[in-house]
Amino acid sequence: MAESAVTLTTPPELVRVPLVTNDRKHTWITDKVSNIVEARTPLWWWAAFLPCSLIAFIGLLCIGYQISNGVGTWGENKTVGWAWDITNFVFWIGIGHAGTLISAILFLTRQKWRTSINRAAEAMTLFAVVCAGIFPGIHVGRVWMAWFLAPIPNANGIWPNFRSPLLWDVFAVSTYFTVSVLFWYTGLVPDLATLRDRAKSRVSKFLYGIFALGWRGSNRQWRHYEMAYLLLAGLSTPLVLSVHSVVSFDFATSIVPGWHTTIFPPYFVAGAIFGGFAMVLTILLPARLLYPQLDDLVTRQHVDKMAKIILLTGTIVGYAYLTELFMAYYGANKFEFFTFFSARMGINNPGWYAWAYYVMMFCNVISPQLFWIKSMRTNYVAVIIVCMCVNVGMWFERFVIIVTSLAQDFLPSSWHHYSPSWVEIWTFIGTFGIFLSLFLLFMRFLPMICMFEVKLVTPEADPHNHAKKDQEGQH
Amino acid sequence: MAEYRKIYGFGAQFESPAALMQAAEKIRDAGFSKWDVHTPYPVHGMDKAMGLGKSWLSLPVLIGGGIGALTALLLTCIPSFGIYPIIVAGKPFDWRTLPAFFPIIFELTVLFSAFSTIFALLIMNQLPKWYHPVFNWERFTRVTDDGFFIVIESRDAKFSETKTRALLEEVGGLHVTLIHD
């Protein structure tokens, strides 16, 4: 070896991109985030809230119509017993997963960029689970008997079957919602105290004061608070992975071709995170546009990182689709082969829903591949287009899984085409109204960015940052 | 401030987390026990600077989780083994069916643990407590914005109206104020 080969050049120093740009101070963060809540209600808020709440109202009317007339108002038939209702349920519950991933898993893995988006993402989780919870409730038909889902003997003294994945689902979803609420509220308490201390009117001081529980930021409190937050994150992490696994058991434990596969739990969880992140970006990007003062808190870096997660999980989902196809081909089960290649892909078959399969493939597998290019990940127009594709694609994924498998199963004589009725369509649109109305209310009345955690990631918060402080003191 | 009201203690503000940390170390070394540090966010390393150990909140959570697991075990086993055994597809309904109960056992463990976390947190932090003497100090509202404070209570054995004030000023405290109950 020639000695000259050993000479090393020192690499240029890599500078970490700051999470809060323009070196903002604590007071700036408090002011900008609290101002959103304290300022007069902007006109655009009403312009957004009124149509959303109207749509929510129409959705509720449809639910009322369906309850009073029975599930016959939907397009379901004797072959396709699960259709839009369960598709919508799985769609909404999946969206919730991104919020918990951001708040819990990224917390455990010390991803500090989560701090400026976790509050909004967690709120999104709650509202998505609210929307999801509507569907299993109303699809039982006789909603006044929905209490049969509870783990108690029913009116005839019959206990529920604890070995049924449908009952596991009741436990999983209700636990998920409850724990998400607790986690979200725990994170809100110090910020509610900020709003309490800034409140001008007696009413808001009273209300924020009640919910802030008398928080006074004492270190003896922070000590337990941080431990509680860590434990809740630790509990939520396996919980979020379990929820969509259990949802996938609803399908995987049956023998319907196209459902009966062991790949479902990881495939559903990856898909849930994928669809959830797309929804986070779908609502955060307009929010950021409407509140330009948040530009220094929710930066291009955040969008870039979320786009990377979409690319990763989208690719996992694509891999799962291909694995399913391969297993259908290699598994020598002719019913499964038929479901995948004929019912879904439309080979040698009328292919009622083949278009849905290709929409799903394009939206979920091909469109996120755009995010390999860095300029696309930071281009908001490109990001929002891809996210819209993913939102559509993830809904179609559940539709394809549920409806194509049921419409054409073992016996050709029992095959039946399914198409939704107007009641189903408006109930689904209505849940978007409920979701967006709740989110707009959240933006209006609660701090949508976790102020205390964002302050914590600024250089000012570092207790070992003496030199910088001294310089500032001399000004 | 009305004179007849009881003295709660002394409060002092500090410029930065760094100054607060140094001051807290000195107060700790001076041997105070009834005092606290108030910050807008958890300052890392402050537990050590205050001489506090690790939070023991995980203990009630462990107990709560255990109770949750046991509850779920009983909830699934008692009806399935005794009260109302359901035979589906000829599958067993005795202890061999336990794996089918794992999802419910897991979910209830998490649920009970989460509730234990919240209740333990509230009890250990003595919350909700809507009235507290420190709220009488006008400057204290900045604790949720950018204020860093040390409050030494009058019930501390080492408390003295003159010496404690001097100590807080010596360690770099600004706006040292007597807080009344």
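## Helix packing and chain contact: exercises

H4 of chain A passes H14 of chain A in a right-handed crossing (the near helix is turned clockwise from the far one by less than a right angle). The model is predicted: local features need pLDDT of at least 70, side-chain atom pairs count only at pLDDT 80 or more, and totals for chains, interfaces and linings use all residues. Residues are numbered from 1 along each chain as its sequence is written, with chains lettered from A and ligands numbered from 1 in the order in which they are written.

**Exercise 1.** Find the angle at which H4(A) and H14(A) pack, and classify it.

*Solution.*
- Locate the helices (DSSP runs of H or I, at least four residues, numbered from the N terminus): H4(A) is 118-139 and H14(A) is 422-445.
- Read the angle: about 150°, with axes 9 Å apart. Axes are lines fitted to C-alpha atoms over the stretch in contact, and angles run from 0 to 180 degrees between N-to-C directions.
- Classify: H4(A) is therefore roughly antiparallel to H14(A) (angles over 145 degrees).

**Exercise 2.** Describe where chain A touches chain B.

*Solution.*
- Count: 55 residues of chain A are in contact with 59 of chain B (C-beta atoms, placed from the backbone, within 7 Å).
- Find the main contributor on the chain A side: H7(A) gives the most, 16 residues.
- Sort that side by class: 27 nonpolar, 20 polar and eight charged. Ala, Val, Leu, Ile, Met, Phe, Trp, Tyr, Cys and Pro count as nonpolar, Asp, Glu, Lys and Arg as charged, and the others, Gly among them, as polar.

How values were computed: Helix = DSSP H or I, 4+ residues; strand = E, 2+ residues; numbered from the N terminus. Parallel < 35°, antiparallel > 145°, perpendicular 65-115°, else oblique. Contact = placed C-beta atoms within 7 Å.
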